[in-house]
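These are my notebook entries on one structure. I set down what I looked up, entry by entry.

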Amino acid sequence: ETYLPTTANWNLALAGIGFANGKQYLARVRTRDNALPADGNERFQDFSGIIFDTVKPTAYIADPGTSVFRASNFTLSGTSNDPDPDGAGSLVAALVSTITLSIKKEGTLDCYRPATNDFGAGNCPAWFAAGDSPGSWTYAPPSVPWSNGQKYVVLARAKDYADQEQNAFTAGTSSNVFTYDTTASTAGFTQPAARARDMNNEQMRGRAGDTLPGALDLVQARVKRLTGPVAFWNPAVNDFDTGAGVEAVWFNVASTETAIWQKWYVSSAAIFADMGSGEQYEFNARSRDQTGINFYAASYATATTIYDSVAPQTGLTFPPAGTMVYVTSLNIISGTLVDYTNANPPQNINLGTVPKTWVRLKRLDTGVYWNGGNWAGSTPIDLKTIAELGPVGVWASSWTITTSLPTAGNLPSGTSFYVVSSGFDNADGGGNQESFFNVRGSTF
């Protein structure tokens with residue numbers, strides 16, 4: 001095709017040629033001046049390796065990943081690709097020439113400005129160039145431009161040497177959201193509760209949380225025996241281990257909640273089988289959020305308790321305990337009380353108190369129980385403490401009933417009666433209750 005330029009700069013529209021994507025072309029240009037002969041001053045120039053590429057390239061974001069959290073400055077990074085039309089065949093792609101980025105505060109049109117390392121107002125999309133190579137691009141802000149609790153949308157855009165520029169940004173590929181979170185998560189206990197004694201060693205329970213939009217990632221716990229010899233429960237050996245390192249004994253708790261970890265629990269027979277009644281234990285819990293930098297909160301929750309699974313013991317002083325006891329009047333019923341934590345005397349330590357004692361008084365010939373005013377049926381009736389609007393007074397080591405007792409008319413001579421007591425210790429959840437079926441009652 002002949003083109004006659006009117007200026008030193010020329011161009012030619014190549015319409016209707018039917019270029020094919022991925023093929024390479026050679027352009028030959030012949031120039032000739034007006035001197036004679038016509039082909040005397042003629043020059044040929046070839047432009048080879050011209051790639052026809054109609055497919056747009058794609059930029060990929062590696063960091064930040066999809067819906068991740070960050071707690072400090074970091075380097076954004078990724079890759080790119082200009083797709084080869086036929087893989088390993090003869091067709092080729094133009095290859096990626098440049099990568100540009102746009103970062104905006106989610107829900108706004110405020111975009112990042114690298115020149116001032118801050119965010120403008122309504123200036124999106126505000127594209128800027130990434131560094132390094134298009135195939136392995138990076139960008140590192142010179143200092144932290146992020147705000148705590150803010151979500152950011154990162155877009156990466158690729159352009160190839162054929163001037164094909166990416167205009168679609170698939171989430172998880174060329175568009176990722178991250179949250180900047182510098183607020184530490186927290187963890188706490190609901191069991192053992194904030195009391196000194198615990199009669200239930202079946203589970204540890206607690207709650208954990210992180211200030212929105214932060215999110216929890218993990219909760220861990222550990223158990224320390226404070227009663228000598230001091231030792232941590234070591235998950236590696238499934239026992240209390242005096243030689244275990246304090247940071248090597250954390251273990252993951254369980255959670256079935258949505259959102260996960262807001263409520264957590266530990267239900268481990270291996271741990272609780274190793275705990276001895278009467279011994280004191282310290283429980284620790286710590287949490288980790290999803291930033292990966294705030295790995296664990298700076299401090300952890302602590303609950304200290306005495307494990308007490310043994311009921312106290314009460315007994316009768318009047319009428320005296322035993323059988324074949326004779327009395328001439330019943331103007332008082334009294335007894336003793338003491339807490340126990342272990343049937344083995346050397347381990348019967350860290351005793352609690354017995355704040356409550358109940359009493360049953362039964363007439364044996366009719367099988368009926370005293371209700372504080374009358375004999376009232378064969379269903380057992382508990383005479384409760386004064387604090388529970390009953391007649392039983394409870395002291396540090398004794399208990400008494402001086403009111404609401406049967407008068408002489410309700411105590412026929414020669415009739416047998418049975419009185420027995422049941423104490424409650426001060427462990428949480430109402431305390432360990434002594435069985436009414438004990439040998440410390442009195443038949444009189």
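I took a salt bridge to be a side-chain nitrogen of Lys or Arg within 4 Å of a carboxyl oxygen of Asp or Glu. I worked on a predicted model, in which local features need pLDDT of at least 70 and side-chain atom pairs count only at pLDDT 80 or more, while totals for chains, interfaces and linings use all residues. Residues are numbered from 1 along each chain as its sequence is written, and side-chain values use heavy atoms, with hydrogens and water left out.

**Entry 1: salt bridges**

I noted that side chains of opposite charge can pair when their charged atoms come close. By the rule above I have a count of 13 salt bridges.

I looked up E388 and found a salt bridge with K356, with 3.8 Å between the closest N and O atoms. This pair links distant parts of the chain, 32 residues apart: E388 is in the loop between β27 (368–369) and β28 (392–394), and K356 is in strand β26. For accessibility I used relative accessible area: buried is under 20%, exposed is over 50%, and partly exposed is in between (1.4 Å probe, protein chains only). E388 is partly exposed at 29%, and K356 is partly exposed at 21%.

I then turned to R197 and D339, whose side chains meet in a salt bridge of 3.8 Å, N to O. They are 142 residues apart, with R197 in strand β15 (residues 197–198) and D339 in the loop between β25 (333–338) and β26 (356–363). R197 is buried at 6%, and D339 is buried at 3%. I also recorded a network of salt bridges that links R197, D308 and D339.

The last pair I looked up was D118 and R113, a salt bridge with the closest N and O atoms 2.9 Å apart. D118 is partly exposed at 26%, and R113 is partly exposed at 36%.

**Entry 2: two serines**

I located S185 in the loop between β13 (175–180) and β14 (186–191), where S185 is buried at 3%. A polar contact of 2.6 Å joins the side chains of S185 and S287. I counted as a polar contact a pair of N or O atoms within 3.5 Å; within protein, one must be able to donate a hydrogen and the other to accept it, and residues adjacent in sequence count only if both atoms are side-chain atoms.

I found S175 in strand β13, buried at 14%. Leaving aside neighbours within four places in sequence, S175 is in contact (heavy atoms within 4.5 Å) with residues including I61, V153 and F169.

**Entry 3: backbone**

I kept in mind that most residues other than glycine have a negative phi, and most peptide bonds are trans. The peptide bond from C124 to P125 is cis, with omega near 10°; P125 is in the loop between β8 (118–119) and β9 (128–129). The bond from G228 to P229 is cis, with omega near -5°, and P229 is in the loop between β17 (216–225) and β18 (231–234).

I recorded a positive phi near 50° for N117, which is buried at 14%. W261 has a positive phi of about 80° and is buried at 10%.

Definitions and conventions: Helix = DSSP H or I, 4+ residues; strand = E, 2+ residues; numbered from the N terminus.
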